Amino acid sequence: MSLLLDFVNQQLNPQANHPSFKAGDTVTVHYKIKEGDKERIQQFSGVVIMRKNHPSTASFTVRKISNGVGVERIFPVGSPFIDKVEVNKVGIVRRAKLFYLRELTGKSARIREKIVNKKAQ
Amino acid sequence: MSGIIGKKIGMTSFFGANGKYIPCTVIEAGPCVVTQVKTNDKDGYEALQLAFDEKKEKHTSNAMKVHFEKAKTTPKRKLIEFRSFEESKNLGDVITVDLFAEGDIIDVVGTSKGKGFQGVVKRHGFGGVGGSTHGQHDRQRAPGSLGASSDPSRVMKGMRMAGRTGGNRVKLQNIEVVKIIAEKNLIIVKGSVAGAKGSYLIIEK
């Protein structure tokens, strides 16, 4: 991509202040929803199955099982409607796109968790 | 009608103030130098000739070198005339993106991408003929009938047929200026603009 376009992307899309997370992590996205004049916050928590890193169209996909049905939601990283992103678990996975999780349910759909030493932090 | 010459850089998108996702085109516009002022007395019409984009001197003909020297500027690649410029300008004046402001409604002229020899479905938006059943075959994207039979026993002029598509001058009207970055000579407009990346555009106010 041209340098000028990179420059414009930096100007137009300020860096979002989300904590760093990657595919395999379990996150809770606090998403602002407008209902008329009111605004409320809805939470969506699940496993991040992919991240897309284009400067202006960066997004991440969160998958969860809701009432036995798999639900996936794509959030643009720079969306002003994202109030905050909480990282609940850090997962250990061996690939960047976890589409194989769509085929799996129950015990086999679990992801190994990385134990984060809180004292060290 | 004032204007400036620009170059298409590419497209991107961003979140607007109300949270809407806005696609936009980045145009590098100017600075343009006035290389000739055409007047009613001398040329029979009023116009400003603007020049844009640097060019190497060794690629410039001697005649053009003199033309640029008259305006006390370096050789430029693209020369375009603008009729009835709102402000009066002198030879050698520089026109920048300051001509425009954020929120302005502008027109952008470009040359659309060439598509080569195309059929009527792509070129004129025909629906094609019929379906694929009832014994029909090989004519899903065909133009159909070209007209009546023995009267007029010819094809009417202007009948839309297959042929070279694209590569035309296209003017997009009423485009909103989203942002101007003056230090880099950039205009960012809402939506798309005709032409390939790197092609020249005329931006009119």
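User: How far apart are the mean positions of the positive and negative charges of chain B?

Analyst: Lys and Arg count as positive, Asp and Glu as negative, while His and the chain ends are not counted; each charge is placed at NZ of Lys, CZ of Arg, CG of Asp or CD of Glu. In chain B, the mean positions of the 33 positive and 21 negative charges lie 10 Å apart. This is a predicted model, in which local features need pLDDT of at least 70, side-chain atom pairs count only at pLDDT 80 or more, and totals for chains, interfaces and linings use all residues. Residues are numbered from 1 along each chain as its sequence is written, chains are lettered from A and ligands numbered from 1 in the order in which they are written, and side-chain values use heavy atoms, without hydrogens and water.

User: In what order do the four strands of the open sheet in chain B stand?

Analyst: Strands of a sheet pair through backbone hydrogen bonds, either parallel or antiparallel. Strands here are DSSP runs (E, at least two residues) numbered from the N terminus, and two of them pair if DSSP finds at least two bridges between them. The order in chain B is β5-β4-β3-β6, with antiparallel pairing. The edge strands, β5 (76-83) and β6 (94-95) of chain B, each pair on one side only.

User: How many bridges join β4 to β5 in chain B?

Analyst: Seven bridges connect β4 (residues 47-54) of chain B with β5(B). L50(B), for example, has I80(B) in β5(B) as its bridge partner.

User: What share of the residues in chain B is buried?

Analyst: Buried means under 20% relative accessible area (1.4 Å probe, protein chains only). Of the 205 residues in chain B, 39% are buried.

Definitions and conventions: Buried < 20%, exposed > 50% of the residue type's maximum accessible area, 1.4 Å probe, protein only.
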